[in-house]
Amino acid sequence: MFRPAISRVSRQFAVFARHPQAFRSYASASKSSFSWEDPLASKNLLTEEELAISDTAERYCQEQLLPRVLQAYRDEHYDPAILLEMGELGLLGANLHGYGCAGASTVASGLITRAVERVDSGYRSGMSVQSSLVMGGIYEFGTNELKEKYLPDMAKGKLLGAFGLTEPNHGSDPGSMESTARPHPTKKGYLLLSGSKTWITNSPIADVLLVWAKLQETGKIKGFLIDRKDCPPGTLETPAIKNKTGLRASITGMIHMDDCPVPEENMFPDVEGLTGPFTCLNSARYGISFGTMGALEDCITRAREYALGRKQFKNNPIAKYQLVQKKLADAATDAAYGVLASIQVGRLKDEGKVTPEMISMVKRQNCDRALVNARALQEIFGGNAVSDEYGIGRHVANLFVTQTYEGQSDIHSELKSL
Ligand SMILES: Cc1cc2nc3c(=O)[nH]c(=O)nc-3n(C[C@H](O)[C@H](O)[C@H](O)COP(=O)(O)OP(=O)(O)OC[C@H]3O[C@@H](n4cnc5c(N)ncnc54)[C@H](O)[C@@H]3O)c2cc1C
């Protein structure tokens with residue numbers, strides 16, 4: 001008789017909930033065993049090096065980040081020392097080659113984002129901006145001098161980066177940006193940047209700000225590296241945006257530029273238009289696709305544990321009830337599919353066969369499924385879901401942001417080639 005796969009997964013949770021011992025013997029009856037933590041055995045697709053990098057990242061995140069996140073989220077506090085710690089472990093710009101970076105595979109860099117986001121999407125955002133958006137941008141488009149000057153210290157987390165694309169009047173449509181760069185009227189070899197960026201991760205604490213603005217002479221978008229220490233007073237302000245309802249463990253702010261002088265050599269020479277920012281975003285969006293699966297997996301772990309312990313009606317654990325199991329089965333299925341898709345896209349990227357549509361697809365799908373499932377799993381906690389100590393509400397609030405930034409999901413649904 002045909003049984004949909006979903007009900008089989010659901011049965012796994014059901015049997016496990018009733019008799020953990022029975023689950024083991026049911027699993028061992030066949031040669032291969034089912035693991036609820038890796039339902040489609042994605043680990044089989046990873047190299048030894050990727051497994052080792054994933055282990056290092058997971059251990060650091062669980063031992064060093066997890067104990068800090070509850071208070072950091074309550075206080076809306078981001079500790080920049082986190083990037084130093086990640087730098088020491090080689091987790092920053094991990095898929096870049098040279099300049100003190102690990103030179104690992106794209107999948108390995110995704111496994112790092114998954115480990116970090118298993119703890120919190122805000123911590124992953126701070127890391128992704130540093131690694132993919134700013135280091136990735138300098139690596140891809142910067143001159144050799146800029147790479148030598150910034151990448152080694154950024155890889156160690158000694159210099160912090162921010163990426164300024166979004167403006168108060170232009171988010172989904174960055175091509176309409178109003179920020180400009182004009183030649184300095186008196187100082188040869190310098191440009192003056194003016195305009196405002198908003199919702200910029202890390203901006204209040206960044207040493208190096210990669211800002212996109214239109215060159216006044218051509219009207220074309222160019223990338224500029226603003227080095228905070230070289231800015232005269234009053235030309236660069238980066239106020240924090242406080243009282244966020246999500247991503248509270250990361251720091252977000254604005255960038256105000258008022259005739260901010262930038263040397264011409266800090267402009268990316270060979271890229272113009274949206275190709276520059278979109279190339280950086282593609283790399284970060286890949287990390288988000290993998291990262292959100294980490295957040296969803298943590299929601300599954302927390303919800304499963306809660307459902308096994310919480311007893312309602314005739315002293316049964318709520319995990320015994322099929323409606324609860326379905327929520328877990330749906331989430332586990334989506335997480336397993338999402339991880340496999342991210343591995344595949346990562347492999348294609350390293351083979352030079354990835355397209356922007358593929359990245360849009362995994363970013364959108366994984367963000368959407370993570371958010372929908374996290375919201376459903378939240379119900380398992382009943383009233384306790386409202387307490388921040390259970391962690392589920394934090395993930396739900398964070399996952400709304402991941403679905404919104406770097407291209408809101410509806411914007412990614414435009415597949416021109418279909
Ligand atoms: C915490 C946080 C951190 C961020 N970090 C950064 C960062 O580091 N750097 C950076 O540059 N930006 C960052 N952003 C900004 C983020 O990328 C933007 O918020 C996002 O791109 C959406 O832009 P918007 O907010 O202006 O929304 P809008 O563009 O105003 O969109 C609002 C709604 O309208 C919909 N919409 C817009 N156009 C269309 C259309 N043509 N058809 C159908 N629907 C449409 C959108 O899908 C969305 O649902 C961050 C945002 C947040 C919240």
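Helices (H or I, at least four residues) and strands (E, at least two) are DSSP runs, numbered from the N terminus. This is a predicted model: local features need pLDDT of at least 70, side-chain atom pairs count only at pLDDT 80 or more, and totals for chains, interfaces and linings use all residues. Residues are numbered from 1 along each chain, following its written sequence.

**Figure 1. Residues 47-158, an annotated segment.** The UniProt annotation "domain: Acyl-CoA dehydrogenase/oxidase N-terminal" (unreviewed entry) covers residues 47-158. UniProt positions are given in the numbering used here, feature names are shortened, and annotations may be inferred rather than shown by experiment. Over residues 47-158 the chain is 74% helix and 4% strand. The end C-alpha atoms of this stretch are 30 Å apart.

**Figure 2. The whole chain.** The protein chain has 12 helices and 9 strands. Its C-alpha atoms fill a box of roughly 80 × 45 × 40 Å, taken along the principal axes. With 418 residues, a compact globule would have a radius of gyration near 22 Å, and the chain's 23 Å agrees. That radius is taken over C-alpha atoms, and the globule rule is 2.2 Å times the number of residues to the power 0.38. Of the 418 residues, 48% count as buried. A residue is buried if 20 or more other C-beta atoms lie within 10 Å of its own, exposed if 12 or fewer, and partly exposed in between; C-beta atoms are placed from the backbone.

Figure 3. The domain assignment gives domain 1 (44-160), domain 2 (162-266) and domain 3 (275-412). Such bounds come from an automatic or database domain assignment. The C-alpha centres of domain 1 and domain 3 lie 20 Å apart. In this view, 27 residues of domain 1 are in contact with 29 residues of domain 3. Two residues are in contact if their C-beta atoms, placed from the backbone, lie within 7 Å. On the domain 1 side, helix H3 (48-75), helix H5 (106-119) and helix H6 (121-141) each supply at least two residues. H5 gives the most, with 11 residues. By class, this side has 9 nonpolar, 11 polar and 7 charged residues. Ala, Val, Leu, Ile, Met, Phe, Trp, Tyr, Cys and Pro count as nonpolar, Asp, Glu, Lys and Arg as charged, and the others, Gly among them, as polar.

**Figure 4. The shell around the ligand.** The ligand is surrounded by 19 residues. Each has its C-beta atom, placed from the backbone, within 6 Å of the molecule. The closest are Leu165, Thr166, Gly171, Ser172 and Thr201. Strand E3 (161-164), strand E5 (190-201), helix H11 (392-404) and helix H12 (409-412) each supply at least two residues. E5 has the largest share, 3 residues. The shell divides into 9 nonpolar, 8 polar and 2 charged residues. Domain 2 and domain 3 each give at least three residues.

**Figure 5. Val271 in its loop.** Val271 lies in the loop between strand E9 (252-263) and helix H8 (275-309). Val271 counts as partly exposed because it has 19 C-beta neighbours inside 10 Å. Leaving aside neighbours within four places in sequence, Val271 is in contact with Phe141, Gly223 and Gly276. Lys220 is 51 residues away along the chain, yet its C-alpha atom is 9.8 Å from that of Val271.
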